[in-house]
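Dear colleague,

Please find below the structure I said I would pass on to you. I would be grateful if you could look it over together with the notes that come after it.

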Amino acid sequence: MWKILKAKSYPLESIAPEHRHMNYWDMFATWVGANANNGTWFIGGVIAACGLWGGVKALIIGSAIAYVFLSLVGYIGYKTGVTTTGLSRAAFGIRGSVGPSIVNLVQFIGWTAVNTFIAATSVSYLCDSVFGWPVYGEPGGIWGMLFGIGVMSVLHLISVMAGQRSIQLIERVGMILVFAFVVWETIVVFRQTSFHEISNWVVPLKQRMSFGSALDALAAFNLAWVTAGADFTRFTNKKSVATSAPFFGALIGVLWFAFVGLFATISIAITSGVYDANNSDPSTIAAKLGLGALAMFVIILTSMTANAVNLQAAGSALNNMWPKISLKVSLWIVTIIATFVTMVPMVVGSFLETFTAFLDVLGMILGPWMAIMCVDFFILHHGKYAMKDLTNREGPFWYKLGVNWWAYVCWALGVGLYVIIRRIDWFDHTVGAAYPVMLIIGAVYFVVMKLSRQGQED
């Protein structure tokens, strides 16, 4: 990192229009596949603590708002051919973009670990049925889990080494198999529990989640994808592919899979008589529903489809921090790091606690960042960035010593506001903290930058 702070030149890769090969189906499949995964299943089970209808309402509202921002960031990627972290140079400064890059690097390694952990749990179940090894959670089950983490990490390394085309192939094949599996699981759920029973299920009082808390959890979950939007839309040369395909693909993916997690978790709560958010884990759901080994294989595949996107975003962030490291090498590095991060819940002792803490941190960090970037491009710069300005230390994005400190002040203010607003009952029970904070910080950043420019002109 010290090298980028001392560097005299700041190269940045931009994809030329003639080299952009992603069509509408490619982009749509990428974003459906990004959400057709284990983490989405799990978040659906977590918001089951709102009850069916509370969870459904929070899911639709929270996801749709987030993916409007995905379309906006997707448009910026299409216009410039630059990754999201590369674009953050405009708002945060050429050197200042290291901050957003670190956030993306950490969070997408985290998401890779989340999906890998759930997939490794499926491997653990498979090892139990084939070799008789104890399932994770039982005495001695840790060895099957470690084996599963190793298997998934090797599969991820193979996929990233094969390049962008292999990612598209994984997404296409994965969508077909995952669709069949979700239909199958839905049929099994409604054979065991009627829709009437699920819709009338009452959450135990001590485990109930407020509507605002559900919105914040979903905002954190969905905004994570927004920070990777341009990393993929820069590979298309059509505006509609960069804007509507990510919006509808990601929205369909999250609604589809989170609904399955929501219904399945409530169904298990009804049949067992106990609501436990830990049962939101897809491997646990598949085991409790008796879906067998094929279900575990599909869960493993969903990890690969989601992590193809996660690793691409993490690798792009690392590449922006150290441009001399190629994107392919960056992908290898983040994949190896993610292997070790996957073991964190095994040390903490609870995957659910680790996951919810992860969402809390993302919720307070990602919203302000995205609000600042969108205001900077669409309002302050009228929808145009010059590529030369993103790499030139003599240009407008150098600010002071390469950092726009006002952007960082606004970002920090957003984090503080999030912590304060979350503690106010009205917000907790209605609109949550994430989206109000984005609105406030976007307005504050606009005013601060306008006043700053007027001060420089005077």
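This is a predicted model: local features need pLDDT of at least 70, side-chain atom pairs count only at pLDDT 80 or more; totals for chains, interfaces and linings use all residues.

Salt bridges

The structure holds three salt bridges. In one of them, the side chains of Asp216 and Arg422 meet at 3.9 Å, N to O. Asp216 belongs to helix H10 (residues 211–226) and Arg422 to helix H18, so this pair ties together parts of the chain that are 206 residues apart in sequence. With a relative accessible area of 5%, Asp216 is buried, whereas Arg422 is partly exposed at 29%.

Arg422 also forms a salt bridge with Asp360, at 3.0 Å, N to O. This pair too links distant parts of the chain, with Asp360 in helix H17 and Arg422 in helix H18, 62 residues apart. Asp360 has a relative accessibility of 34% and counts as partly exposed, because that value falls between the limits of 20% and 50%.

Another salt bridge joins the side chains of Lys388 and Asp389, at 3.4 Å, N to O. Here Lys388 is exposed, with a relative accessibility of 58%, while Asp389 is buried at 13%. As for the bridges that share partners, they join Asp216, Asp360 and Arg422 into one network.

Helix H12

Helix H12 covers residues 239–272, which makes 34 residues. From its first C-alpha to its last, H12 reaches 49 Å, close to the 50 Å expected at 1.5 Å a residue. Just after H12 comes Gly273, which takes a positive phi of about 85 degrees.

Ala120 and its surroundings

Ala120 sits in helix H6 (residues 98–131) and is buried, with a relative accessibility of 0%. Leaving aside residues up to four places away in sequence, Ala120 touches Met145, Gly148, Ile149 and Met152. Ala120 is also 7.6 Å from Ile300, C-alpha to C-alpha, although 180 residues separate the two in sequence.

A nonpolar surface patch

Val130, Phe131, Trp133 and Phe147 make a nonpolar surface patch of about 420 Å². Of these residues, Phe147 is found in helix H7 (residues 142–162). Phe147 counts as partly exposed, at 40% relative accessibility.

His381

His381 lies in the loop between helix H17 (351–380) and helix H18 (405–422). What is the relative accessible area of His381, and is this residue buried or exposed? The value is 18%, and His381 is therefore buried, the limit for that class being under 20%. Not counting residues up to four places away in sequence, His381 touches Asp376, Phe397 and Arg453.

With kind regards

Notes. Residues are numbered from 1 along each chain as its sequence is written. Side-chain values use heavy atoms; hydrogens and water are left out. Helices (H or I, at least four residues) and strands (E, at least two) are DSSP runs, numbered from the N terminus. Buried means under 20% relative accessible area, exposed over 50%, partly exposed in between (1.4 Å probe, protein chains only). Contact means heavy atoms within 4.5 Å. Patches are made of residues with over 30% relative accessible area and no salt bridge: like charges are joined within 9 Å, nonpolar side chains (Val, Leu, Ile, Met, Phe, Trp, Tyr) within 5 Å. Accessible areas come from the Shrake-Rupley method with a 1.4 Å probe; for residues, only the protein chains shown count as cover. A salt bridge is a side-chain nitrogen of Lys or Arg within 4 Å of a carboxyl oxygen of Asp or Glu. The expected span of a helix is 1.5 Å times one less than its number of residues.
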